[in-house]
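Please examine the structure shown below together with its sequence. The report that follows describes selected parts of the fold, one topic at a time.

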Amino acid sequence: MSTKPIHIIGGGLAGSEAAWQVASAGVPVILHEMRGVRGTDAHKTDGLAELVCSNSFRSDDAETNAVGLLHAEMRLAGSLIMSAGDANQVPAGGALAVDRDGFSNAVTARLDAHPLITIVREEITGLPPEDWDQTIIATGPLTAPSLAEAIAASTGADALAFFDAIAPIIHFDSIDMNVCWFQSRYDKVGPGGTGKDYINCPMDKEQYDAFVQALLDGQKTEFKQWEGTPYFDGCLPIEVMAERGRETLRHGPMKPMGLTNAHNPTVKAYAVVQLRQDNALGTLYNMVGFQTKLKHGEQVDVLRMIPGLENAEFARLGGLHRNTYLNSPTLLDPTLQLKSRHGLRFAGQITGCEGYVESAAIGLLAGRFAAAERLGQQISAPPVTTAFGALLNHITGGHIVSDDEPGKRSFQPMNVNFGLFPVMEAPKVEGKRLRGKEKTVAKKKAMTGRALVDCRAWLGIAEAAQAAE
């Protein structure tokens with residue numbers, strides 16, 4: 001008896017990887033790609049897995065870098081995207097960069113040659129018909145308007161964000177708590193809170209004036225013509241607020257009212273920057289009301305002017321751009337399936353991840369989940385200690401829900417980073433106390449070592465195979 005095919009909509013990195021994983025499991029695939037019939041504002045070719053922006057997959061260091069670890073886990077899982085990337089590598093130091101055309105051509109050729117994969121060039125304008133049964137939508141941040149409207153109509157008005165207004169997110173352990181302190185405004189206890197739910201960074205008038213001037217002088221990212229003007233008064237970039245008057249910020253997201261500096265109670269701050277816990281693990285904090293379109297290099301310099309954030313390490317920087325993505329934690333189950341419709345999964349950037357590798361990794365997981373279900377096998381999610389699991393957990397349930405900022409979505413797309421992993425202390429070295437950078441490196445190596453062991457176990461890779469590597 002023939003196995004019913006799994007349909008995949010979108011032939012980018014996520015859709016291509018999902019198709020490969022499904023077919024590798026012995027299940028037929030129909031891959032629907034609209035390019036060739038209809039183009040997008042960003043793509044230049046009809047090739048599958050075309051790289052639209054950079055040609056870099058970022059760091060390939062699997063010992064001390066989270067994206068490098070994700071590379072390693074994808075290779076263990078038989079990733080097509082990593083295989084094609086490795087085969088078309090160009091010099092880039094410690095990063096994995098690829099020849100764009102060679103990479104896309106390799107992915108297209110391998111999918112086209114696979115006996116279980118059928119590539120259909122057509123635009124899918126609505127949600128897939130019920131008789132498709134198992135479907136993965138992997139249409140990316142430039143999802144065609146008709147399909148995006150169909151998804152929004154099916155899932156609710158707040159299901160999709162068509163523009164990404166993002167505040168920077170900071171690793172908690174890089175914040176100087178000798179300068180900052182925990183306190184909610186007026187010690188107000190919110191739902192599930194303690195009255196000390198925010199980290200507060202105080203500024204005097206001189207520091208505030210210098211900060212505002214840096215915002216005004218800083219280089220901003222210009223919008224592409226097709227992006228339009230995506231922001232509204234509920235989430236204005238901080239530099240736009242600064243342009244409306246030098247005191248605007250301290251009467252908005254930087255207002256100091258209701259706060260007392262725990263380190264210096266008798267001195268009232270002129271302005272305060274607040275950070276709120278961003279993930280359930282408590283390892284990441286976002287800057288409240290700090291959407292920005294400052295260029296990334298400029299952004300780091302300006303934000304490190306804030307007292308207590310001089311050595312801040314950013315899990316992601318702020319941005320404002322076109323990015324169609326789901327409110328995944330409320331809509332998707334832990335296997336990336338739409339809670340309201342069995343058999344319909346989403347993959348790639350539309351789920352709320354960022355980056356080529358992350359998009360492909362979520363495609364890999366969606367493909368494995370769909371194939372396992374089709375074959376009647378038990379579906380097991382990767383451990384949260386792995387890069388796969390940490391990224392999946394962020395998408396399907398790792399964020400903190402907040403209702404205190406009108407117009408602000410608490411779930412934001414993110415690259416893979418160590419702040420998404422469960423906390424792990426640096427291993428102790430007999431006769432030596434690790435400090436500073438040495439301690440940070442040891443901690444990262446411990447996390448990546450644990451991740452690869454757990455990933456092999458999840459994939460069912462035998463110890464003998466591991467020893468032979």
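## The parallel sheet

In this predicted model, strand β1 (residues 6-9) pairs with strand β2 (residues 29-33) in the parallel sense, over four bridges. Within this pairing, Ile9 has His32 of β2 as its bridge partner. In general, the strands of a sheet pair through backbone hydrogen bonds, either parallel or antiparallel.

Both strands belong to an open sheet of five strands, arranged in the order β6-β2-β1-β7-β16 with parallel pairing.

Thr135 is found in strand β7 (residues 135-137). Is this residue buried or exposed? Because buried means under 20% relative accessible area, Thr135 counts as buried at 3% relative accessibility. Leaving aside neighbours within four places in sequence, Thr135 is in contact with His7, Ile9, Pro128, Gly343, Leu344 and Arg345.

## The annotated binding site

An unreviewed UniProt entry carries the annotation "binding site" for Gly10, Gly11, Gly12, Leu13, Ala14 and Gly15. Gly11 lies in the loop between β1 and α1 (13-24), and Gly11 is buried, with a relative accessible area of 0%. Not counting residues up to four places away in sequence, Gly11 touches Ser16, Leu31, His32, Glu33, Arg35, Leu48 and Ala49.

Leu13 has its place in helix α1 and is also buried, with a relative accessible area of 8%. Among the residues that Leu13 touches, not counting those up to four places away in sequence, are Leu51, Phe57, Ile81 and Tyr356.

Phe388 is one of the buried residues of helix α11. Helix α11 (residues 387-396) is mostly covered, as nine of its 10 residues are buried. What covers these buried residues includes α2 (66-76), α9 (328-331), α10 and α12 (436-459). Leaving aside neighbours within four places in sequence, the contacts of Phe388 include Leu70, Met74, Ala361, Leu365, Pro382 and Trp458.

Terms used. Residues are numbered from 1 along each chain as its sequence is written. This is a predicted model: local features need pLDDT of at least 70, side-chain atom pairs count only at pLDDT 80 or more; totals for chains, interfaces and linings use all residues. Side-chain values use heavy atoms; hydrogens and water are left out. Two strands pair if DSSP finds at least two bridges between them. Helices (H or I, at least four residues) and strands (E, at least two) are DSSP runs, numbered from the N terminus. Contact means heavy atoms within 4.5 Å. Buried means under 20% relative accessible area, exposed over 50%, partly exposed in between (1.4 Å probe, protein chains only). UniProt positions are given in the numbering used here, feature names are shortened, and annotations may be inferred rather than shown by experiment.
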